[in-house]
Amino acid sequence: MNEQLSATLMSWVQFLNDPLWNFLVILLVAVGVFYTIATGAVQLRLFIQSIRVMKGSRKESQDDHGITPFQAFVTGLASRVGVGNVAGVAIAIAIGGPGAVFWMWVTAFLGMSSAFVESSLAQLFKVRDHQNKQFRGGPAYYITQGLKQKWLGIFFALSLILAYGFVFNAVQANAIIGATSHAWGWDKANLILGLGGLDLEVSWVGIVLVIMTGLIIFGGIKRIAKVAERIVPFMALLYIMVALYIAIINFPMLPEIFKLIFSKAFEFEAAAGGFFGAMISMAMMMGIKRGLFSNEAGMGSAPNAAAASDVKHPVNQGLVQMLGVFVDTFVVCSCTAIIIMVSGLYHEAGFEGVTLTQKALESQIGSWGGGFLAIILFLFAFTSIIGNYAYAESNVQFINNNPKIMFGFRVLVLAMVYFGAITSVPLVWSMADLSMGLMATINLIAILLLTPIALILLKDYTAQLKKGIKEPEFKIDNHPTLKKKVDSDIWS
């Protein structure tokens, strides 16, 4: 593609992206506020219950089509906890200042209610795939069954496949190459292959990444869930332990840091021109945007993993995915914020993204901090690749559940992983932003229209809790209006 055509396409994509995402940021927050009110602040009322459900959800599924709720939790977390938790938070603080962290917390708090609703709906409208012996569901399924708009479900599925199946995986692979290159210079160690008299240079890191990814994704959602179950808790705990160590050795600074976060959050320097710009500070804009990118609440991505689990009540998985938003932002993103802020390096010009976090780590734990972050980034990015794939797989099956098509899709995913390892893709990244923006807009409108159903599920669940039932069970026969909409016998 010549440079002029690339520049033209980029300008067109940005022309659509900017207004779409400005609208979407407002819509996501508004939906979060609405669901916080409509559910009676479910993220507070049932937070302890969500921890109980998650703790008791590791036992193997009784239905051979399902994965455990905990596996669905870590698969969703695998995609959520990625490069955004390291680079995204650093960018938010570098541009928006310490106050951006406060707005990330606010966004996550509101988003927990949206995540609860979309994942509960995904569970209700899931289907049993007898061919692959698994449950599958998500926005494409509840749009088709709940709203009777299959064309819109297909459009949503195509948007998600483009963003999560292909482009985001290329970006995650690119982040792995960047981290390992900076720490150990691995990008310089390419292989020269002699093919038919031609010397072909290939990235050995890219090839290893493709092989590792292939071994997992060709096993389908159940293998992805088992790998995520082992890696995700380990990588999160490792990162949290280092952040706690840094917090402890800088304990006298912590009150001042939290004072900065809260005080700077309300310094309203305009983020942009016009009426809205005058009302929104740069801290607020960066905190909201980076928070949404990180926790994905309301975006329509995590419900695809949520639907794969075997639970007694749809609300169980809504609670577990709600907890995923909390862990992503209040725990993992806050760890990055503490690491950066105690270093004070966010004041210095020229440091942004991964580099800022890397320099901050090195200033606190020594030169090995760069290598440690490379390992963490590898784990974050690699689990995001397999988590993203899990989302996309369900949507490919929704459009056409043909084994040959699935095989071809997996090969294309691996090709995009390698492509991301050898090149930078700014245009494709912007196109993915556009497709994700469209996907999120469709999902938000869909869940708003399906709100009465979500509230019926919540009311049924809380009523059973009030009766002293420790493990509520959903019986669709008690809800004739829902039985007409749900195209499955799972809840009968």
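Helices, rings and backbone in a predicted model

Q: Over the face of which residue does Lys126 lie?
A: The model is a predicted one. Lys126 is placed 4.1 Å from a ring centre, over the face of Phe135.

Q: At what distance from the ring centre of Phe398 does Lys150 lie?
A: The cut-off for a charge over a ring is within 6 Å of the ring centre. Lys150 lies over the face of Phe398, and its distance from the ring centre is 5.9 Å.

Q: Is the crossing of α6 and α15 left-handed or right-handed, and how many nonpolar residues are in the contact?
A: The two helices cross in the right-handed sense. In the contact of α6 with α15, no residue is charged and eight are polar, while the number of nonpolar residues is 18.

Q: Is Leu323 buried or exposed?
A: Leu323 belongs to helix α15. Leu323 and Leu77 are separated by 246 residues in sequence, and their C-alpha atoms are 9.7 Å apart. The cut-off for burial is under 20% relative accessible area. Leu323 has 5% relative accessibility, so it counts as buried.

Q: Are the rings of Tyr164 and Tyr391 stacked or edge-to-face?
A: The model holds 15 aromatic pairs. In the pair of Tyr164 and Tyr391 the ring centres are 5.6 Å apart and the planes stand at 65°. Planes over 60 degrees apart count as edge-to-face. The pair is therefore edge-to-face.

Q: How many residues apart in sequence are the parts that the pair of Tyr164 and Tyr391 ties together?
A: Tyr164 is buried at a relative accessible area of 2%, and Tyr391 is buried at 0%. Tyr164 lies in helix α8 and Tyr391 in helix α17 (residues 368-399), so the sequence separation of the parts tied together is 227 residues.

Q: Which residues do ring pairs link into a cluster?
A: Pairing requires ring centres within 6.5 Å. Ring pairs link a cluster made up of Phe102, Trp103, Trp105, Phe258 and Phe262.

Q: How many residues of α7 are buried?
A: The buried residues of α7 run through Pro139, Ala140, Tyr141, Tyr142, Ile143, Thr144, Gln145 and Gly146. Helix α7 is described as mostly covered, and out of its eight residues the buried number is eight.

Q: Is Lys148 buried or exposed?
A: Lys148 follows α7 and has a positive phi near 60°. Lys148 sits in the loop between α7 (139-146) and α8 (150-184). The cut-off for exposure is over 50% relative accessible area. Lys148 has 53% relative accessibility, so it counts as exposed.

Q: What is the relative accessibility of Ala41?
A: Ala41 is not a glycine, although its phi is positive, about 55°. Ala41 is placed in the loop between α1 (3-38) and α2 (42-45). Ala41 counts as buried because its relative accessibility is 16%.

Terms used: Residues are numbered from 1 along each chain as its sequence is written. This is a predicted model: local features need pLDDT of at least 70, side-chain atom pairs count only at pLDDT 80 or more; totals for chains, interfaces and linings use all residues. Side-chain values use heavy atoms; hydrogens and water are left out. A crossing is left-handed if the near helix is turned anticlockwise from the far one by less than a right angle, and right-handed if clockwise. Helices (H or I, at least four residues) and strands (E, at least two) are DSSP runs, numbered from the N terminus. Ala, Val, Leu, Ile, Met, Phe, Trp, Tyr, Cys and Pro count as nonpolar, Asp, Glu, Lys and Arg as charged, and the others, Gly among them, as polar. Buried means under 20% relative accessible area, exposed over 50%, partly exposed in between (1.4 Å probe, protein chains only). Rings of Phe, Tyr and Trp (its six-membered ring) pair if their centres lie within 6.5 Å; planes under 30 degrees apart count as stacked, over 60 as edge-to-face and the rest as tilted. A charge sits over a ring if NZ of Lys or CZ of Arg is within 6 Å of the ring centre and within 35 degrees of the ring normal.
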